[in-house]
Amino acid sequence: MNAAYQFVTGPLAWAAWGIFLLGSAYRLISMYQLAKAKDPTAIAYMSWHFSLRSIINWLIPFNALGWRKSPAMTIATFAFHACLFLTPIFLVAHVLLWDQAFGVSYATIPDGAADIMTLVVIAACLYFAGRRLVQPEVRYITTPQDWLALIIVLAPFLTGFLAYHQAIDYDAMIILHVVAGEIMLAAIPFTRLSHMVFAVFTRAYMGSEFGGVRHARDW
Amino acid sequence: MKRTLPLLLSAALILAFAQAAMSQQDIKSLAPQAFGKLTRPAAQFNHEQHNEKAGLTDCVVCHHGGADGKIDKSASTEGTPCADCHKVKAEGKNTSLMNAYHKQCIGCHKAKGKGPLACGQCHKR
């Protein structure tokens, strides 16, 4: 148990963070080079004003037409993404690990709130899965990659919830939880989760084209 | 009458030792009052069982002395509550009370390759 725990929280954690950070940098650089080679006009039309205008307008729930068209999805996705980021970053147990490893400490959220936020993430994952199965227009464009991304994100929250409540086998669950989190980090640059690093640029591209070329809103 | 005094003395001695041993045996978990309301369930720690398992006879291994954030392994401080030096909110160069427990326990368990490391292994529900 000790050797396994020390391995997953030591070398494996360094590897996961390394793959996540270097992989994300690699994907961003190679995507920029691809755009420069294949679509230089798009880069020339990129504008801070139209980019930020699009990003900000899409960040407000029910502001964009796309959000208003599917209210349930809008609520689910905003709640999901907020809890997905806030819970692991400000969880007491995680902040303590930063403190123990590097002496870095910062604000935390109460465990009770984190528990509910974890359930929100799990519930939203189930909603996304149901949507992919039931809604024909979503089902039609769903690929195995989408399922993979969903499972990779669900795993650390499900195992984290079970480990926190010390359900089933804690010793096994905590190792599973750490590994699941590391798989998620390492998978970000190379799966559909890469929208974490690309989303702002996708939005900026659309905003710039709609603003600068079509002279229209894109929200 | 000649035998009563030594008998009484030895009885007093036995009682004194028994009391000292009893008070240590009583320790089943670490929940100093200084913490107030606990965030997690108190860390499970049976003083006697732990020291027997770990083969610890020297108190100073855990009950260290020191000042200004420096640990002094030659000055034993058994009997002094941890919270006397390590405050809940770190004061001066001394690490905080929670950090003191976490560093002391997890640090040794890591070094020895034995004993709990993950949160829920001590903070059992």
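A:Gly112 is placed in helix 8 of chain A. In this predicted model, A:Gly112 counts as exposed, because it has 8 C-beta neighbours inside 10 Å, and the cut-off for that class is 12 or fewer. A:Gly112 and A:Leu91 are 21 residues apart along the chain, and their C-alpha atoms are separated by 10 Å.

The model as a whole scores ipTM 0.84 and pTM 0.87. For chain B the mean pLDDT is 85, with 82% of the residues at 70 or more. Within chain B, confidence is lowest in helix 1 (residues 4-25), where the mean is 61, and highest in helix 5, where it is 95.

The secondary structure of chain A consists of 12 helices and zero strands, so that the order of elements from the N terminus reads α-α-α-α-α-α-α-α-α-α-α-α. The C-alpha trace of chain A spans about 60 × 35 × 35 Å along its principal axes. Chain A has 219 residues, of which 21% count as buried. When contacts in chain A between residues at least 6 apart in sequence are considered, 66% of them join residues at least 24 apart.

Helix 6 of chain A (residues 71-90) contains 20 residues. From its first C-alpha to its last, helix 6 reaches 28 Å, close to the 28 Å expected at 1.5 Å a residue. A:Phe80, A:Cys83, A:Leu84 and A:Thr87 are buried in this helix. The buried residues of helix 6 pack against helix 8 (111-134) of chain A, the helix in which A:Gly112 lies.

Helix 12 of chain A (residues 195-212) has 18 residues and should therefore span 26 Å at 1.5 Å a residue. The end C-alpha atoms of helix 12 are 24 Å apart, which agrees with that expectation. The buried residues of helix 12 are A:Arg203, A:Tyr205, A:Gly207 and A:Ser208. Their cover includes helix 3 (40-45) and helix 4 (48-59) of chain A.

A:Leu176 lies in helix 11 of chain A (residues 170-187). A:Leu176 is buried because 20 other C-beta atoms lie within 10 Å, and the class requires 20 or more. A:Leu176 and A:Ala155 are 21 residues apart in sequence, and the C-alpha to C-alpha distance between them is 8.8 Å.

Positive phi values occur at two loop positions described here. A:Phe62, in the loop between helix 4 and helix 5 (65-69) of chain A, has phi near 65°, a positive value in a residue other than glycine. A:Phe62 is exposed, since it has 11 other C-beta atoms within 10 Å. A:Ile168, in the loop between helix 10 (144-164) and helix 11 of chain A, has a positive phi of about 55° although it is not a glycine. A:Ile168 likewise counts as exposed, because it has 11 C-beta neighbours inside 10 Å.

The contact between the two chains takes 12 residues from chain A and 11 residues from chain B. On chain B, helix 4 (97-112) and helix 5 (119-122) each supply at least two residues of the side that touches chain A. This side of chain B has three nonpolar, four polar and four charged residues. One of the two contributing elements, helix 5 of chain B, is also the element of chain B in which confidence is highest.

Conventions:
Residues numbered from 1 in each chain as written. Chains lettered and ligands numbered in written order. Predicted model: local features only at pLDDT ≥ 70, side-chain atom pairs only at ≥ 80, totals over all residues. Contact = placed C-beta atoms within 7 Å. Helix = DSSP H or I, 4+ residues; strand = E, 2+ residues; numbered from the N terminus. Nonpolar A, V, L, I, M, F, W, Y, C, P; charged D, E, K, R; others polar. pLDDT = per-residue confidence, 0-100. Expected span 1.5 Å × (residues − 1).
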